[in-house]
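Please look over the sequence and the model below before reading on. The paragraphs that follow move from individual side chains to the protein as a whole.

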Amino acid sequence: MRLSSTDIRYFLGEGLLKISADSQHSFCPETQIRPGSVDIRISNIFWKFNKDCIAQLDIIDLHQAKEILNNPELMYSKIQLSEEEYLEIKPGEIVLTETLEKIEMPACISGALKGRSSFARLGISIHCTGDYINPGYQGSMPLQIINHSPIPVKLYAYLSIAQL
């Protein structure tokens with residue numbers, strides 16, 4: 001079963017489902033709740049492949065991936081944007097981020113996080129690395145943004161880029 005906007009508002013109003021953001025960019029039910037989903041924004045913190053690390057690699061050996069994953073600072077550079085700044089994503093480039101909204105799911109429902117089709121039509125994939133949200137989950141959701149278009153893309157913080 002999927003929830004309608006009426007159901008979503010009910011769950012929020014009863015405190016069963018909680019969605020929050022930071023104090024400057026609070027969650028706004030009036031603009032973020034759609035007929036059967038909730039618009040979710042990205043944060044202002046991103047991780048991009050570290051060019052120095054990538055330049056030293058000929059191949060990523062998945063047998064050694066655990067070492068890389070346990071030391072993400074070796075592979076990625078952290079970037080924090082202000083509201084006016086943007087991050088340029090070149091064709092074929094991957095950027096990691098997380099949702100601005102923190103989600104608290106009730107024990108009785110699960111959720112799914114999906115990219116928006118309007119961005120997909122521009123060649124931008126929003127891959128929700130954990131698109132299934134377990135009942136009782138609390139926190140932000142990790143995202144990968146991939147530029148499949150033939151030209152660079154400007155990515156801004158706090159952009160509504162996915163749907164719950």
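Lys 90 is partly exposed, with a relative accessible area of 40%, where partly exposed covers the range between buried, under 20% relative accessible area, and exposed, over 50% (1.4 Å probe, protein chains only). The side chain of Lys 90 meets that of Glu 88 in a salt bridge with an N to O distance of 4.0 Å, a salt bridge being a side-chain nitrogen of Lys or Arg within 4 Å of a carboxyl oxygen of Asp or Glu. Glu 88 also counts as partly exposed, at 32% relative accessibility. This is a predicted model, in which local features need pLDDT of at least 70 and side-chain atom pairs count only at pLDDT 80 or more, while totals for chains, interfaces and linings use all residues. Residues are numbered from 1 along each chain as its sequence is written, and side-chain values use heavy atoms, with hydrogens and water left out.

Ile 89 lies in strand S5, residues 86–89; helices (H or I, at least four residues) and strands (E, at least two) are DSSP runs numbered from the N terminus. Ile 89 is buried, with a relative accessible area of 2%. Ile 89 and Ile 124 are 35 residues apart in sequence, and their C-alpha atoms are 9.9 Å apart in space.

The structure holds six salt bridges. Side chains of opposite charge can pair when their charged atoms come close. Which residues are linked in a network of salt bridges? The network is made of Arg 34, Asp 39 and Arg 116. On one side, the side chains of Arg 34 and Asp 39 meet at 2.9 Å, N to O; Arg 34 counts as partly exposed at 38% relative accessibility, whereas Asp 39 counts as buried at 3%. Asp 39 also forms a salt bridge with Arg 116, the closest N and O atoms being 2.8 Å apart. Because Asp 39 lies in strand S2 (residues 39–41) and Arg 116 in the loop between strand S9 (114–115) and helix H6 (117–120), this pair ties together parts that are 77 residues apart in sequence. Both Asp 39 and Arg 116 are buried.

Ser 20, in strand S1 (residues 18–20), is partly exposed with a relative accessible area of 36%. Ser 20 and Ile 103 are 83 residues apart in sequence, yet 6.8 Å apart in space from C-alpha to C-alpha. Leu 3 has its place in the segment before helix H1 (5–13) and is buried, with a relative accessible area of 17%. Leu 3 and Gly 36 are 33 residues apart in sequence and 6.0 Å apart in space, again C-alpha to C-alpha.

Rolling a probe the size of a water molecule over the atoms shows where empty space is left. On a 1 Å grid over the protein atoms alone, a pocket is an open set of points where a 1.4 Å probe fits, with protein on both sides within 12 Å along at least five of seven lines, and lining residues have an atom within 4 Å of a point. The largest pocket is lined by 17 residues, of which Leu 3, Ser 110, Gly 111, Ala 112 and Leu 164 lie nearest its centre. About 430 Å³ of space lies in this pocket, the volume being the space filled by probe spheres set on the grid points, which are joined across faces, edges and corners. By class, the lining has 10 nonpolar, five polar and two charged residues; Ala, Val, Leu, Ile, Met, Phe, Trp, Tyr, Cys and Pro count as nonpolar, Asp, Glu, Lys and Arg as charged, and the others, Gly among them, as polar.

Tyr 158 has a positive phi of about 70° although it is not a glycine. Tyr 158 lies in the loop between strand S14 (153–156) and strand S15 (160–163), and counts as buried at 17% relative accessibility.

Finally, the protein as a whole: the secondary structure comes to six helices and 15 strands, and buried residues make up 38% of the 164 residues. The C-alpha atoms fill a box of roughly 55 × 35 × 30 Å, taken along the principal axes.
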